[in-house]
Amino acid sequence: MKRLLSILLIVVMTTVLISGCSGSNANEIKIGVNYELSGQVATYGQSSVEGIELAIEEINKAGGINGKQIKLVKVDNKSEPSEATTVATRLMTQDKVIAVLGPATSGAFKATIPVAIKNKVPVASGSATADDVTVDANGVKEYAFRICFSDSYQGNVMARYALEKLSKTKAVIIADSSSDYAKGLAANFKSTFEAGGGKIVAEEAYIKGDTDFNAIITKIKGMDFDVIFIPGYYEEVGLIIKQARTQGIDVPILGGDGFDSPKLVELAGPEALNNVYFSNHYSSLDESPVVQDFIKAFKEKYNKEPDAFNALGYDLAKFVADGIKRAEKLTGEAVKNALEQTRNFEGVTGTFSVDENHNAEKAIVIIGLKDGQQDTIERFGD
Amino acid sequence: MEQFLQQIINGISLGSIYALIALGYTMVYGIIKLINFAHGDIYMVGAYVGYFCMTFLKLGFLPSLLIAMVFCTLLGVTVEKIAYKPLRDSTRIAVLITAIGASLFIEYGTMFFVKAGVRSYPDMTGLLVKQFRFGDIVLTMQQIIIVITTVLLMILLQFIVKKTKIGKAMRAVSMDKDAARLMGINVDSTISFTFAIGSALAGAAGVLVGIYYNSINPLMGIMPGLKAFVAAVFGGIGIIPGAMIGGYIIGTIEVLVSGYGNSMYRDAVVFAILILILIVRPAGLLGKNTREKV
C-alpha cells in the first residue's frame, strides 16, 4: 500500500513538474528574478525584489510592454554564488526568460555572467557595486549591466568630501573585513584621503554579524582623529555609531550607501545620528516627481519607508523593461543592444546613461543626518 | 589604565552572554553527550520573543525576560522530544547530525515568519539607559543588568543542580544512565528537564543581547553559539562552573584581542584556543582526565 502510494505520488509530482514548465504564453514576457531570498544576505535580496515587484506591477497595470504582460519567474539563490549560477542556467534554458534581474551582491552576480554570455541572455544588477563586475582585463562583459555606481567611486567621493567640505585631515577607518564592498570603499577612501594630504590614524576591522564594537571603540578613543569613515552595512554601522556615541566620541562619521535604511535610526537611536554623512543613490528628500511618486506607491503597497535596495530594485526592473520595449525583437541579444543604448533614463536613483563599460553614469548624493532624520542633501562628484 | 579597565568591563558584559549560552551546551553534553547545535538558535528565538513582548505587547524588561524564558523552555523540550528522543539509542553521530538539522530548521523557520532583516528592540527608557561615568570609563546600566541577571541565574542553577531532588537526578543520569534508571529515576523526564533549564538560560541571554546591542536577526545565534561552545570546552565540557568561567574568559580574551591586537584576528584567536585546548588539555580547565571505559 505504502509503495503504491509513493509511486502514485511520484507520477503526480512529475506530471505537475512537466506541465509547469511547458506553460508558455505568447502574450507574456518572462523576466527572471534571481535573488538572495534566503541565506546570509537575504535582506538585500528580499528588499530588491520588493522594488522589482512594485515596478512590474505598475508596468503591467499600465498595459505592459507593447501590449504584453510581464511575468516574473522568481528563484532563490540562497545567497550562494554557485546556487546563483545554477538557477540562472535554469531560468535561461528552461524558463526561457528574456533577461535576468539580480543577484544583489557582486560575488553572486559575477558568477552568473558566464552563463549569461553563453545563453545570450542579459543579466542586470541594481546593487553589485564591486569595481570589476561588468568589465575586467579582457574588456567589457557583453551581457552584464548594472545601474549603480562602483565602490571606488564612492570611496573617492567620501574622501574628497571629508577633506574639502568638512576640512578634516585625521581619519579612522572601521571596515567590514568580510565584504568586498567595504574593502573596496576603504582602500579607495584611504588612497584619495592620503593623496589629498590627510592621514589615516588607524584602520580597524569587524566581521558581518558582529554586535559588540566596544573593544574597537575603546581602543580608538585614546587616539587623535577628527573623522571616522565606516564602510559597511547599516546592520553593523548602526550599532557602531550607537556604541561610539555612548562612549563619548562625537566627531563626524562618514559612510557609503550601506548606511541607507530606515533601520539605521532604529539601531543607533536618533540622538546618536548627528554629524553623520553618507553617499547614496537617492534621497527621499529629493522633490522630483519620480522619487516622490515612488515613495508614495511603495508606502501604499508595503506600508513602510523604502530603502536604497528597494529603490534600486525598482529602477532595475524599469530599466530592463525599458530596454525590452525599445528592443527590435524579443531576443536576449536585441534586449542587450537596446540596454546599451540607454540614454538619460530617469530613475528614482538619478538620471543615468549606460557607458561603454555597461556602468551607469550618475551623480552621487551625500546625505547629512540630524537627529536621525535626513537633513541636508548635496550632489557631489563629477 | 583607564582604557584597560573599560576593555575589561566590555569583556565581562560580552562574557556573561557566552556564559549563559555555554551553560546550556555543557548541561546537555554532560547528560546525554550531545553537542546540541540548535542551542544557539534557541537563544535567537528568545531574543525574538523578547522583541515581540516589548514591541507589540508593550511589556517591560522583566516580564519579557520571563516570557522569553518560558517560551524557550517549551521550545527546547519540544526539540528534544521530536528530534533527539527517538534517537536515544542510535549512534552519537546520528544525533549530532540531527542537531545540525534542528539548528537549520529553527533558523530558516524563524526567517520564514519574521523575514531576514535585522530588527531592533524598542527604545529603552528610564533606568535602562542610565550611564555611569568614572573619568573616561563608561559603565551602562544595561551592562550592569546583564552581569547581575547572569550571576543570579547561575546561582539559581547551582542551587537546582546541587540542592534539589531533580538536580540530584540530573547528576545521577549524567554519571550513569542505566544505573540511574535502575535506581528508579525517570531518565527521560530528567533529560527533558535539563533541556528545559538550558533553553531557559539561552532565552534569557537572547533578551539581554536584545536590550544591550539592540539588534536581532534570525541568524544571530550561529556565532555566539559557536563561541559559547568554545567556552564550554574551555572550561571543561559537562562541568557547570567550567562553562561560566569559560564564558567570561573567552569574552575577555576576545575584547582584549580587538583592543590591543588586531580586530581581524579576534575570531581566529578564539578558535585557535579551542584547537589548543583539544590538543593540550582535552578535558578543559576544570575537567579531570578520565580514561574512556571500554
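**Two chains, term by term**

Trainee: What makes chain B agree with a compact globule?
Mentor: Its radius of gyration is 19 Å, and a compact globule of 294 residues would come out near 19 Å, so the two agree. The radius is taken over C-alpha atoms, and the globule rule is 2.2 Å times the number of residues to the power 0.38.

Trainee: What kind of model is this, and which cut-offs apply?
Mentor: It is a predicted model: local features need pLDDT of at least 70, side-chain atom pairs count only at pLDDT 80 or more, and totals for chains, interfaces and linings use all residues. Residues are numbered from 1 along each chain as its sequence is written, while chains are lettered from A and ligands numbered from 1 in the order in which they are written.

Trainee: What makes chain A as compact as a globular protein of its length?
Mentor: Chain A has 12 helices and 17 strands. Helices (H or I, at least four residues) and strands (E, at least two) are DSSP runs, numbered from the N terminus. The rule gives 21 Å for 382 residues and chain A has 22 Å, which is close, so chain A is as compact as a globular protein of that length. Its C-alpha atoms fill a box of roughly 70 × 55 × 45 Å along the principal axes.

Trainee: How many helices and strands does chain B have?
Mentor: Chain B has 11 helices and two strands. From the N terminus, the order is α-α-α-α-β-β-α-α-α-α-α-α-α. Its C-alpha trace spans about 60 × 45 × 35 Å along the principal axes.

Trainee: Why is Ala42(A) called buried?
Mentor: A residue is buried if 20 or more other C-beta atoms lie within 10 Å of its own, exposed if 12 or fewer, and partly exposed in between; the C-beta atoms are placed from the backbone. Ala42(A) has 24 within 10 Å, so Ala42(A) is buried. Its place is in helix 2 (residues 42–61) of chain A. Of the 382 residues of chain A, 53% count as buried. For the 294 residues of chain B, the share is 50%.

Trainee: Which residues does Ala42(A) contact, leaving aside neighbours within four places in sequence?
Mentor: They are Glu36(A), Leu37(A), Ser79(A), Met111(B) and Ala116(B). Contact means that the C-beta atoms of two residues, placed from the backbone, lie within 7 Å.

Trainee: What makes Lys33(B) partly exposed?
Mentor: Lys33(B) has 14 C-beta neighbours inside 10 Å, so Lys33(B) falls in the partly exposed class. Lys33(B) belongs to the loop between helix 1 and helix 2 (39–55) of chain B. Phi of Lys33(B) is near 55°, a positive value in a residue other than glycine.

Trainee: Why are helix 1 and helix 9 of chain B called roughly perpendicular?
Mentor: The axes of helix 1 (residues 2–32) and helix 9 (residues 222–235) of chain B come within 8 Å and cross at roughly 70°. Axes are lines fitted to C-alpha atoms, for helices over the stretch in contact, and angles run from 0 to 180 degrees between N-to-C directions. Under 35 degrees is roughly parallel, over 145 roughly antiparallel, 65 to 115 roughly perpendicular, and the rest oblique. Helix 1 and helix 9 of chain B are therefore roughly perpendicular to each other.

Trainee: Which residues of helix 1 and helix 9 of chain B meet?
Mentor: Helix 1 of chain B brings residues including Ile17(B), Tyr18(B) and Tyr25(B), and helix 9 of chain B brings residues including Pro224(B), Lys227(B) and Phe229(B). By class, the contact has 11 nonpolar, two polar and one charged residues. Ala, Val, Leu, Ile, Met, Phe, Trp, Tyr, Cys and Pro count as nonpolar, Asp, Glu, Lys and Arg as charged, and the others, Gly among them, as polar.

Trainee: How many residues does each chain bring to the contact of chain A with chain B?
Mentor: Chain A gives 28 residues and chain B gives 25 residues. Helix 7 of chain A supplies the largest share of the chain A side, five residues. That side divides into eight nonpolar, 13 polar and seven charged residues.
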